[in-house]
Amino acid sequence: MPFTVPRSTPSGAQRRHPLAVAAVLLTLAAGAAGASGAAPAPAHAAEGYGITDFVAGVVTDEDADRNDASKYFTAAGGRPTFGVTEFTFATDPPPADMADEDGEPKGNTKDIEVDVPAGLTPNPTAFPTCTNQQLSNMDLVLNEEQTAGFPRTGPEGWCPPASQIGVQYLRVKGTISGFVRTTLTVKLPLYNMERGRDQVGRFAFNPRMAPLSFVLDGNLDRVDVVGGVRPSDSGLFFRISDLPKDPAVIWSKLVFWGVPGDPSHDADRRAAGLKLPGTTEFILDPDGYPGGVAVDDRTTAFLSNPTSCAGKQTTYLRTESYDGDRAATEYTTPVGASGCDAVPFAPKVSFGESALQADAPTPLSVRLDVPQSQDAGDLATAHVKRVALTLPPGMTISPSAANGLEVCSDDQLAAGTIRPVACPAASKVGRTTITSPVLDDPLEGAIYVGEPKPGQRYRLFLVAEGRGVTIRLKGDVQADPDTGQLTAVFDDNPQLPFSRLRLDFDGGARAIVASPQTCGTAEARGTMSPWSGAAAVPVAAGARVEGCTGHAFAPTLGARSGNAVAGRYAPLQVGFGRPDGQQFLSGVSVKLPPGMTAKVKGVPQCTDAQIATLSCPATSRLGSVTVNAGPGARPYALSGDVYFTGGYRGAPYGMVVMVRAIAGPYDLGTVVVRQALHIDPDTAQVTVASDPLPQVVGGVQLRLRDLALTIDRTNFVRNPTSCAPARIHAGLTSAEGAQAGPVADLAFTGCDRLAFGPRVSLRLDNRRATRKLDAQRLTVKVKQSESEAGIRSTRVTLPKALALSAKNAKGLCKPEEAKADRCPKASIVGYASADTTILERPLKGPVYFVEGLRTTADGRQVKTLPNLYIPLRGEVTVKLRATTDVRDGRLVTTLPAIPDAPIRTFAMTINGGKHGILQATQDVCTGRAPRADVRFGGYAGRTVDRTAALRRACRAGR
């Protein structure tokens with residue numbers, strides 16, 4: 001079958017008035033009726049309904065043969081000469097005596113829909129429109145006074161000539177005067193019509209413009225060809241609905257003019273005609289529609305070829321009959337578009353049209369501009385296939401956005417369908433506007449947060465609707481796992497032209513974007529790729545960031561005890577705060593006040609293996625941690641648990657914080673941060689030193705605002721027994737290396753109600769060395785109950801019966817050796833132990849004899865009596881130091897700084913023997929037992945004096 005129906009313009013002699021045509025047809029009808037004796041009933045049997053032939057494409061000659069590939073218009077982005085869609089419906093064979101007629105159609109077609117290849121684009125907005133009334137005014141009517149037809153009004157009431165954008169050819173099977181069935185072919189102007197609010201394009205032809213309206217019975221009102229955008233791939237479709245039952249359409253050929261104003265179309269403008277069976281020419285009306293109508297605009301293109309050279313192009317046709325039967329077919333052109341390398345593509349991006357406030361949840365505008373031309377002499381701009389935009393460094397996802405955030409599922413988006421978008425309101429984070437040269441109005445809609453998928457945690461959905469068009473795009477937002485920098489990618493975008501795409505992300509507390517901390521120009525960079533296959537075009541745009549206040553680092557520290565009574569077990573909370581605009585918190589260490597201890601005895605430890613598998617037992621839990629992350633007035637709150645662990649990073653104990661980072665709809669996994677619990681060997685103060693706090697989790701820069709650690713395990717944290725001012729000292733480091741040392745004051749009360757009554761005993765243990773000048777083995781024991789105030793200092797004044805004999809020592813430890821904890825074994829003169837209620841096992845260690853040195857006022861060092869160095873080791877190490885002196889002839893040993901800890905028993909033994917440093921000045925077993933004086937200074941402020949007789953291990957009879 002030829003690609004199009006042959007077309008010719010009849011000469012003036014061939015033109016006929018409508019009434020003349022009607023008379024001819026009535027004569028034919030009468031002859032046919034006389035031959036048959038009865039008019040045949042219209043056939044509409046469903047059996048065999050279908051499309052027997054279909055061809056579609058853009059061509060340089062509307063009469064081209066379908067197999068002539070050279071007649072197809074192939075220039076990518078070019079302006080085709082014609083766009084043609086032609087199809088034929090199945091018919092029964094005609095009667096033998098009516099060979100020039102078509103047979104009856106096998107079903108009357110009601111609806112027709114044509115899906116054109118993606119990227120092939122008409123532009124109805126570039127041309128004037130015709131109103132329904134204007135098209136109706138072009139009906140041919142019968143003048144009762146003359147035997148001639150004429151349009152309803154004059155040219156001033158007709159469709160504007162420039163609104164004609166093509167021609168419609170139809171062959172129909174109809175009834176004449178109710179009894180004769182015949183076939184007629186008509187040619188009608190196709191006009192660009194005023195569009196409804198839900199229409200991309202509307203075109204129409206008026207069958208009453210041709211003499212057909214006076215010949216055939218039936219409804220021959222205006223026929224609309226409505227254009228729309230497919231939701232599946234955003235390609236275009238044309239739909240004709242509710243075709244007349246009688247006459248029934250057998251064949252249709254729709255021709256769009258690529259450049260409607262081209263002079264080659266002048267002769268066909270307003271030209272309508274009818275062709276009789278057995279003839280080859282259209283009979284045109286000579287009075288109402290004179291040919292040769294020119295228009296002013298000669299260069300504006302109506303059609304633009306696809307800008308993708310992806311191969312042959314396929315058009316799909318679907319029809320449905322009045323009986324509900326359906327038919328579908330397709331046609332693929334023998335050639336596809338070519339020359340994509342010549343298609344222009346020069347997009348631009350604008351970013352952050354107004355200044356952004358530093359370190360804040362921020363509204364953000366992104367605008368993509370793609371210049372478009374409608375001139376037939378220009379190639380169309382390539383359609384945008386892929387957009388990849390990397391936001392400036394420091395512009396990251398705002399954790400604060402997770403408050404109340406929901407996501408839209410793929411099913412709720414319903415991309416590729418016309419189902420209503422059902423995304424939750426709480427998933428909406430912005431607005432979008434798409435301006436297209438082929439649409440009367442911009443498409444408007446919303447930006448939604450999409451449901452996470454494997455490999456695509458952060459997704460954005462764009463919905464823009466209007467004019468019956470729904471554009472639903474899915475974007476992937478990749479967040480750098482180390483920095484949180486964002487790259488948004490929208491790929492496989494529709495092959496539709498747009499001049500501007502605008503994204504406006506909401507501001508306020510729930511803004512999904514947080515601005516950089518540093519001021520100046522924040523530059524976004526990216527690429528835009530066309531469907532033409534050309535290289536991606538780099539784009540860049542900057543936004544101003546303002547409002548910096550010096551980028552300081554001055555975090556706050558707060559602390560409170562759940563019970564401020566001295567010596568009580570009570571929960572402890574320590575918190576940090578950082579205002580917006582200051583550097584992010586990274587390193588944290590906290591030094592507790594002297595005397596604030598922890599009872600680790602009986603607390604199970606979470607092992608490294610359990611930490612690795614996130615399975616710390618509940619029995620090892622110490623408390624909780626809460627974190628507020630994100631900028632603005634409503635940071636997002638996260639919480640987790642704190643567990644007790646074994647030694648970590650050289651410390652005897654540790655903690656581990658585990659926070660399940662579920663931020664709104666996002667499960668970022670469990671954040672694990674470990675801490676070392678160091679014990680100061682000199683003061684027994686506890687210092688908690690944390691590993692660096694994470695800055696980015698799951699690609700989200702946390703921007704920590706507040707962090708609060710609460711240790712609330714029962715009977716774990718014990719308050720000091722001193723009511724002196726207490727302070728917690730913090731050592732904080734920012735992510736940029738700045739340091740701060742805030743302090744928090746704590747106040748404890750009730751010291752006056754604390755008991756303080758340590759008991760002491762002394763014993764000489766060597767039965768064989770009791771005589772004068774014998775070296776003595778002395779054991780001193782001190783006992784306390786846990787409820788008592790801690791011992792701050794102890795002074796033991798021995799009786800005159802005992803004296804220091806330093807010369808007996810095998811060797812002395814140098815002061816620098818003692819300071820470095822490297823005293824030689826030879827300097828050991830005894831041993832000591834301490835049993836406390838807060839540790840699993842007693843602490844034990846040697847007693848070293850240390851050389852005594854004193855610096856005089858003039859800087860000279862002079863020797864003094866040796867001192868004692870007592871490193872107690874076990875789960876922790878505590879170093880005690882004692883001085884020795886002689887007062888009133890009595891040896892005095894003073895421990896001036898004993899840690900505030902609940903010591904149950906402390907015992908120290910000074911060895912006897914030949915290297916013993918204590919020497920009897922008399923026979924210690926003669927007479928009354930020598931007595932020692934002991935003074936205890938308590939942390940609660942009380943002082944207790946004790947006098948204790950030295951128990952002696954004398955032999956019987958002495």
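1. A search across the whole structure turns up 58 salt bridges, where a salt bridge is a side-chain nitrogen of Lys or Arg within 4 Å of a carboxyl oxygen of Asp or Glu. Please keep in mind that this is a predicted model, in which local features need pLDDT of at least 70, side-chain atom pairs count only at pLDDT 80 or more, and totals for chains, interfaces and linings use all residues. Residues are numbered from 1 along each chain as its sequence is written, and side-chain values use heavy atoms, with hydrogens and water left out.

2. Strands (E, at least two residues) are DSSP runs, numbered from the N terminus. Aspartate 492 is exposed at 52% relative accessibility, while lysine 385 is partly exposed at 23% (buried means under 20% relative accessible area, exposed over 50%, partly exposed in between; 1.4 Å probe, protein chains only).

3. Next come glutamate 788 and arginine 759, joined by a salt bridge at 3.3 Å, N to O. Glutamate 788 is in the loop between strands E49 (778-783) and E50 (791-797) and arginine 759 in strand E48 (residues 759-764), so their pairing ties together parts 29 residues apart in sequence. Glutamate 788 is buried, at 6% relative accessibility, whereas arginine 759 is partly exposed at 44%.

4. Finally, a network of salt bridges links Glu113, Asp115, Arg230, Asp233, Arg239 and Arg318.

Conventions:
Helix = DSSP H or I, 4+ residues; strand = E, 2+ residues; numbered from the N terminus.
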